[in-house]
Amino acid sequence: MNTISRLKSEELRGIGEDMYRMIVELYPICRSITGNGYRQTMRRIQEIIPISIQEVPSGTEVFDWTIPKEWNIRDAYVKGPSGKKVIDFNQHNLHVMQYSVPVHLKMPLQELKHHLYSLPDHPEWIPYRTSYYKENWGFCLSQKQLDCLEEGEYEVVIDSSLEDGHLTYGEYRIQGESDEEVLFSCHCCHPSLCNDNLSGIALTSRLAGILTGLSLRYSYRFLFIPGAIGSITWLSKNEEVASRIKHGLVVTGVGDSGAFHYKKSRRGDAEIDRVVQYVLKHSGKSYQVRDFSPYGYDERQYCSPGFNLPVGSLTRTPHGSYPQYHTSADNLEFVSADALVDSLSIYIEVVRVLENNRHYQNLNPKCEVRLGKRGLYRTIGGEIGQPLNEFALLWVLNLSDGDHSLLDIAERSGLAFMTILQSAQALLQHQLLQECST
Ligand SMILES: [Zn+2]
C-alpha cells in the first residue's frame, strides 16, 4: 500500500526547482478571469496532472452574479507627441488595466491622465488594476514613467475584445477510499504576478501530482479557478459535491520567504483548523494564526453562510500585507524554489495528518493491558521503523474511547502525531484497538 510519506530531502530540491520553473513559464502570460491566457495556463497544468477544463458561457447566472463577457487582448500602447511608444503592453502585461475595452483615441496628456495609474510610494513599480464589472479602459505605469510624460497629444491603442464567450476553469479529482473530499483551491486569474497566483498554481498542481496513484482515505479535489467569480461559479454548479467536502484549503501566496499564516475557516474549530495549527506548531517554523474574516481569497465563498465549508487558507505573508502585493514587484525575484518547497512540505504534512487522524476504541478498557505479554513493552520495531514509545502506547490505550481522535491524543500527550500513529498501528495489529466508524 503506497501511502503519503514525507518527501526525502534529495527529492525536495528537484521539486522546488520544478515549481519555480513552472512559475517562470507562466509568468509572461496575460491571464485574466476569462480568456485565452487562462486556457493556456490550464494547458500547462495538464502537463503535470490531467485536469478537465470547464467552460461556462458568458451570461450564465451563478447565485447573485453573472458570468462576464470574455476578455482577450492582443496589443496595447500609448504613443507620445514624438510618435514613440511611451507605454507598451508588450513590455509588461500589467501596463494595461484588465478588462480594458478596445479603444483607438487621440487626446492631450491632461485627459489621458484620468486613465493612468501609478504608485507614488514605489516609483519603480507598476500597479495591477482591473475593471471586470464596469466597462472602462486604463494603463498602469511606474511613477517614474509618468513623471517623464511631456505635454502634448497622445495616441492610445488598446487592441482587445470584450465579447460573449466563456469563463474557464480547471478541475481534477482523485478518488480515495471514501467519497468524502479534501479540497485544494487556487486562483489562476492574475497576469504577471508570482506570489499572488502563480505560487499557488505551482504548489497545487505539484501536490496533486504527488497524491495521484497513492492509496488514500479521502478523495481529493483540486480547483484552478478565477478568483471570486470562479469559486462562486463552481459552488453554484456543485452544491451536492460541496456537501461532501470535509476539509479544504485555499492555496496562494506560498512562494515568498515570509512566515506562514493560517486563516481559520469560518467554523474556527474544524478539523482542518486544528490539523494545520498542529502541523505548523511542530514544524519548527515561525507562523501566525488568524481568525476567519469575510475578505481575502476564495475562502469568502466557501465559508459563506449557505455553505459554511471547513475551508481555511494557508499562505505565507498574507495578501495585502507586503508592499509588492498587486504590483510588478511580485515578480520572479520575490518567490523562490526553497520557499515553495518549504510550503509544499507543510501541505504534505497536513495531508498526512488528515489521512491518519482516526478514532479508535480500546478493546480491553478495564485496567491497563499487559503490554509485556504481547511483546509491546520495551520492545523495538514499529511499522514505521522507529522503536515504539511506551508512553505513546499508554496514551493511545487510555484515550481510545471513541471520543478522542489520534490528533486529540497527540495534543494531550505532547507526543508527535506520527509517534501516536505508530503506536495505534501496533495496538491494532495486536487486536487491542478497533477503528470507530465516526
Ligand atoms: Zn490578487
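## Strands β4 and β5

Lysine 79 faces lysine 85 of β5 across the strand pair. Strand β4 (residues 70-79) and strand β5 (residues 85-88) run antiparallel and are joined by three bridges; strands count as paired if DSSP finds at least two bridges between them. Helices (H or I, at least four residues) and strands (E, at least two) are DSSP runs, numbered from the N terminus. The hairpin of β4 and β5 has five residues between the strands, and glycine 83 takes a positive phi near 90 degrees there.

## Basis of the description

The model is predicted, so local features need pLDDT of at least 70 and side-chain atom pairs count only at pLDDT 80 or more, while totals for chains, interfaces and linings use all residues. Residues are numbered from 1 along each chain as its sequence is written, and side-chain values use heavy atoms, with hydrogens and water left out.

## Zinc site

The zinc ion is coordinated by His190 (NE2), Asp196 (OD) and His326 (NE2), at 2.0 to 2.1 Å. Along the chain these donors follow the spacing H-x5-D-x129-H. Distant parts of the chain are linked by aspartate 196, in helix α5 (residues 194-211), and histidine 326, in the loop between β16 (311-315) and α10 (337-356), the two being 130 residues apart. Donors are N, O and S atoms within 2.8 Å of the metal (3.2 Å for Na, K and Ca); water is not among the atoms, so sites may look incomplete.

Aspartate 196 is buried, at a relative accessible area of 0%. Buried means under 20% relative accessible area, exposed over 50%, and partly exposed in between (1.4 Å probe, protein chains only).

A polar atom of its side chain lies 3.0 Å from the backbone nitrogen of histidine 190. Contacts of asparagine 197, not counting residues up to four places away in sequence, include His187, Cys188, Cys189 and His190, as well as Arg31 and Thr252; contact means heavy atoms within 4.5 Å.

Most residues other than glycine have a negative phi. Asparagine 197, although not a glycine, has a positive phi of about 115 degrees. Asparagine 308 likewise has a positive phi, near 50 degrees, and is placed in the loop between α9 (299-302) and β16.

## Isoleucine 126

Isoleucine 126 lies in the loop between β7 (116-117) and β8 (139-140) and is buried, with a relative accessible area of 8%. Isoleucine 126 is 200 residues from histidine 326 in sequence, yet their C-alpha atoms are 8.8 Å apart in space. Leaving out residues up to four places away in sequence, isoleucine 126 touches several residues, among them His92, His95, Cys140, Thr327 and Ser328.

## Helix α1

Helix α1 (residues 9-26) has 18 residues and reaches 26 Å from its first C-alpha to its last, close to the 26 Å expected at 1.5 Å a residue; the expected span is 1.5 Å times one less than the number of residues. Its buried residues include Leu12, Ile15, Met19, Ile23 and Leu26.

The buried residues of α1 pack against α2 (36-46), α5 and α10. Glu10 and Arg13 are exposed, on the face of α1 turned away from its buried side.

How values were computed:
Polar contact = N/O pair within 3.5 Å; in protein donor to acceptor, adjacent residues only side chain to side chain.
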